Amino acid sequence: MSSMDTSNLTREKLTAMFNEDKRFDGRKLLDMRDFEVEYGVSNMAEGSARVKMGKTEVIVGIKMGTGEPYPDSQDAGNLMVSGDLLPLASPRFESGPPKFPAIELPRLMDRMIRESGMIDLKKLVIKEGEKVWTVIVDIYPINDDGSLMDAASIGCVAALHNAKFPGLTEDDRADYKNRTDKKLPLSGETMPVSFTFYKLGDNLILNPTREEEEACDTKVTFGISKWNGKYMVNSCQKGEETVFKRAELERIMEILPGKYEDVMKKLKSYIK
Amino acid sequence: MENEINEAHQESKEDSVSKKRKIVVPGEFIVKGEDFLPGDGAKREGDNVIADRYGLAEIAGRMIKVIPLSGAYVPRRGNVVLGRIIDVLFNGWLVDVDSAGNAFLPIDESPRFINRNEMDQFLAIGDVLAAKIWSIKGRGIDLTLKGRGLGKLDGGFVFRINPSRVPRVIGREGSMITLIKEKTGTNITVGQNGWIWIKGDNLDNEIKARNAIEFVADKVHVDGLTDKMEQWFSN
């Protein structure tokens, strides 16, 4: 939609403001917005969470069922991440076949969760080679005011920690009427969160609003987590056309641990 | 830019929410009886008058109308709007004014002579301008730049609010916008399509003006907003 494009005026203004380390909402360039997590959004899902980050709002639901393992991973459960950019969330989203951003969001979340090893998929096996648990993560943006990816990653982690197994019938099917209190086999230490850095001119910004996001030239998303006391990058994806310089990526790597700890501190207070 | 504000006010149907007004959703029953006539945003269904839009239902004599609280911008003749150039054609510019269909600004409607070969020196793609809707024909909207305060916008920044909140932001006879201008020392142009341009001497004042406008646009259901706004500024 053409009306979504940024005007020259706004781009110039934002560049000038970023050079002064200022933003419209009073944050500094690398300040995150505060977020809230709420559970119990869906009573039909095994686990759910709603994340509010400024005006951005995302609902994540976890559904569990039994199924056959994939041929290349007979000894592990299945993880599926799907997402849908509802037209409700933003005038930028249209209904119809998923376009690039609608494919990028769940794929990045999938990569981040899978590669961090947050879920021990091997513990999801019911009968090796025949029956395993399938964990489905559904991401629904309710309102997009920028940083959808980062809010969704917090939502995914919170919802996965909120999920409880359904019961199991005698013929190894999920019994949704008899829910158990058993939680997913999650690592206590490893919790991945994604951070998307946007670049406008020579300035790096974190957690942009939609207005800022649209004005920016390029972006890069890092999914990071902690393992054995060390930080690790689980996923990485660059978008748009402009390049990042080596020095900029090195600077991002220096910023990431601090931001990760900030988010973790808040997120852990929500995870029981 | 006084003239725009006065014009804008003629369009404004609401200023403060009186107790008589009720919030309705589409299809909601407003009043019963043949005596009443449905106006804008209302329609008749059998014996009842029901709402056609989400907004505040107002009963003025026999006339029932619903003042919308949300929705897209519906262009009207004489409106001052802000828009963004999306294309430069051989005889004018194509402007996006956030309504259904694009607006056209013919080269003849610019206030000074423009060489047809150098049209993008005056307005290039992505530039923002204030223009007045000169006519609405079946095919589209025609704009003009002939008028005070109209033309290309230089400096400052543009942001958007919901077009249905524009009358509130302007206030009764421009009271609200005048207050914000005075308190922040900025120059503000409010387009009827919900685009707002702010330019001031320094960034802090510009940001303050924007926050003030967003504060007003947020409080739809509040009485005596101008007084509240003065309080807001004193904090």
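Author: We begin with a term: helices (H or I, at least four residues) and strands (E, at least two) are DSSP runs, numbered from the N terminus. This is a predicted model, in which local features need pLDDT of at least 70, side-chain atom pairs count only at pLDDT 80 or more, and totals for chains, interfaces and linings use all residues. Residues are numbered from 1 along each chain as its sequence is written, while chains are lettered from A and ligands numbered from 1 in the order in which they are written.

Reader: In which strand does Phe195(A) lie, and is Phe195(A) buried or exposed?

Author: Phe195(A) belongs to strand S9 (residues 193-200) of chain A. A residue is buried if 20 or more other C-beta atoms lie within 10 Å of its own, exposed if 12 or fewer, and partly exposed in between, with C-beta atoms placed from the backbone. Because Phe195(A) has 23 C-beta neighbours inside 10 Å, Phe195(A) counts as buried.

Reader: What distance separates the C-alpha atoms of Phe195(A) and Phe222(A)?

Author: Two residues are in contact if their C-beta atoms, placed from the backbone, lie within 7 Å. Leaving aside residues up to four places away in sequence, Phe195(A) touches several residues, among them Asp150(A), Leu206(A) and Phe222(A). Phe195(A) and Phe222(A) are 27 residues apart along the chain, and their C-alpha atoms are separated by 5.4 Å.

Reader: Is H2(A) parallel or oblique to H3(A)?

Author: Axes are lines fitted to C-alpha atoms, for helices over the stretch in contact, and angles run from 0 to 180 degrees between N-to-C directions. Angles under 35 degrees count as roughly parallel, over 145 as roughly antiparallel, 65 to 115 as roughly perpendicular and the rest as oblique. The axes of helix H2 (residues 100-116) and helix H3 (residues 148-162) of chain A come within 10 Å and cross at roughly 45°. That angle is why H2(A) is described, relative to H3(A), as oblique.

Reader: How many nonpolar residues are in the contact of H2(A) with H3(A)?

Author: Residues of H2(A) including Leu105(A) and Met109(A) meet residues of H3(A) including Ala152(A) and Cys156(A). Ala, Val, Leu, Ile, Met, Phe, Trp, Tyr, Cys and Pro count as nonpolar, Asp, Glu, Lys and Arg as charged, and the others, Gly among them, as polar. By class, this contact of H2(A) with H3(A) has no charged residues, one polar residue and, as the number asked for, nine nonpolar.

Reader: In which loop does Ser147(A) lie, and what is its phi?

Author: Ser147(A) sits in the loop between strand S6 (131-143) and H3 of chain A. Ser147(A) counts as buried because it has 27 C-beta neighbours inside 10 Å. Although Ser147(A) is not a glycine, its phi is positive, at about 55°.

Reader: Which element gives the most to the side of chain B that touches chain A?

Author: The contact takes 13 residues from chain B and ten residues from chain A. On the side of chain B that touches chain A, two or more residues come from each of strand S8 (80-88), strand S14 (157-160) and helix H5 (203-218) of chain B. The element that gives the most, with three residues, is H5(B).

Reader: What phi does Asp98(B) have?

Author: Asp98(B) is found in the loop between strand S9 (92-96) and strand S10 (103-106) of chain B. With 22 other C-beta atoms within 10 Å, Asp98(B) is buried. Asp98(B) is a residue other than glycine with a positive phi, near 65°.
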